[in-house]
Amino acid sequence: MGKIIAITNRRGKVGKSTTAINLSIAFAHSGKKTLLADLDSAGSCARAFGFKKHETPDNIFVGSKPEISFKKAISKTGVKNLELIHIKRLPYLDELKAGGITANEHILKNTLKPVAAGYDYVIMDCPPYHAGTINASLIVADSVLIPVTIGNFSTAAVRSVLAQIDEIRKSYNSDLMIDGILLTIYEFNSEDSFNLKKELFKEYPKLMFNTSIPKSSMVCEAFENDTPLLIYKPEDRASKAYAKVADEIFERKSLFNSKRKN
């Protein structure tokens, strides 16, 4: 069974989609068969691989057998070992039920979980604002990665995600793990960035990734050219940092598996 990782933060502009895209490519480059699930209607992940909005299905859950439509909606990315599915919307009865779980929020578990068996990793890029979609992602996920960058309420946003994870664990997914908190768009010469890093390491020492993703103008340039950073400029320091984060995830998974065997 492939490991399903949800990348989420209730704040926008934290490098969430960039992280999902480039981690997926780093996994694929390491020989891991990977599925990138773009759950944001904005479609940043799909766009990064050159897909236009009309080139991905509008609603893959129409019909009596959504699991079949789900598999048919998976596309090749042009990167070896990496495929993509853009889920523009989940069929919620009430997306505004903040934090409330509707029966439809289990549809992702029922469709994605069986497909995950064919991959080593499934990376889900969650939208920042839709509570229903985030809940559905956490219900099906094996683990969560939380990107965070400097800004107002950065630590509050992390606490919010951790609280949401606790709620999901209590009632729906007791095995949900946390891969870690990842500092993104990090400015090494910035006092504000250093203070945030210091605060997070103090509060969550066991959850922090050792690697931080440095701020890079190449991220925007790559996006404007509809090309993932790791493909557009693999020698960029942010590209190299994402490869290191992938290695950290591999190491943590190996350590976890060895502890389970013992």
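User: Which residues do ring pairs link into a cluster?

Analyst: This is a predicted model, in which local features need pLDDT of at least 70, side-chain atom pairs count only at pLDDT 80 or more, and totals for chains, interfaces and linings use all residues. Residues are numbered from 1 along each chain as its sequence is written, and side-chain values use heavy atoms, with hydrogens and water left out. Rings of Phe, Tyr and Trp (its six-membered ring) pair if their centres lie within 6.5 Å. Pairs of this kind join a cluster of F27, Y121 and F250.

User: How many aromatic pairs are there by this rule, and are the planes of Y121 and F250 stacked or tilted?

Analyst: The rule gives four aromatic pairs. Planes under 30 degrees apart count as stacked, over 60 as edge-to-face and the rest as tilted. The ring centres of Y121 and F250 are 5.8 Å apart and their planes lie at 50 degrees, so this pair is tilted.

User: Where in the chain do Y121 and F250 lie, and how many residues apart are they?

Analyst: Helices (H or I, at least four residues) and strands (E, at least two) are DSSP runs, numbered from the N terminus. Y121 is in strand β5 (residues 121-125) and F250 is in helix α10 (residues 237-261). The pair links distant parts of the chain, 129 residues apart.

User: Is Y186 buried or exposed?

Analyst: Y186 pairs with F188 edge-to-face, at 4.8 Å centre to centre and 80 degrees between the planes. Buried means under 20% relative accessible area, exposed over 50%, and partly exposed in between (1.4 Å probe, protein chains only). Y186 has 4% relative accessibility, so Y186 is buried.

User: Which charged residue sits over the ring of F209?

Analyst: A charge sits over a ring if NZ of Lys or CZ of Arg is within 6 Å of the ring centre and within 35 degrees of the ring normal. K32 lies over the face of F250, 5.6 Å from the ring centre. Over F209, at 4.4 Å from the ring centre, is the charged end of R252.

User: What is the phi of N81, and what is the phi of D226?

Analyst: Most residues other than glycine have a negative phi. N81 lies in the loop between β3 (75-76) and β4 (82-86), and D226 in the loop between α8 (217-224) and α9 (229-232). Neither is a glycine, yet phi is positive in both: about 75 degrees for N81 and near 50 degrees for D226.

User: Are α4 and α5 parallel or oblique to each other?

Analyst: Axes are lines fitted to C-alpha atoms, for helices over the stretch in contact, and angles run from 0 to 180 degrees between N-to-C directions. Helix α4 (residues 107-116) packs against α5 at about 45 degrees, with the axes 9 Å apart. Angles under 35 degrees count as roughly parallel, over 145 as roughly antiparallel, 65 to 115 as roughly perpendicular and the rest as oblique. Therefore α4 and α5 are oblique.

User: Which residues of α4 and α5 make the contact?

Analyst: Contact means heavy atoms within 4.5 Å. A136, in helix α5 (residues 131-140), is buried at 0% relative accessible area. Its C-alpha is 6.2 Å from that of L108, 28 residues away in sequence. The contact is made by L108, K109, L112 and K113 of α4 with A136, S137, I139 and V140 of α5.
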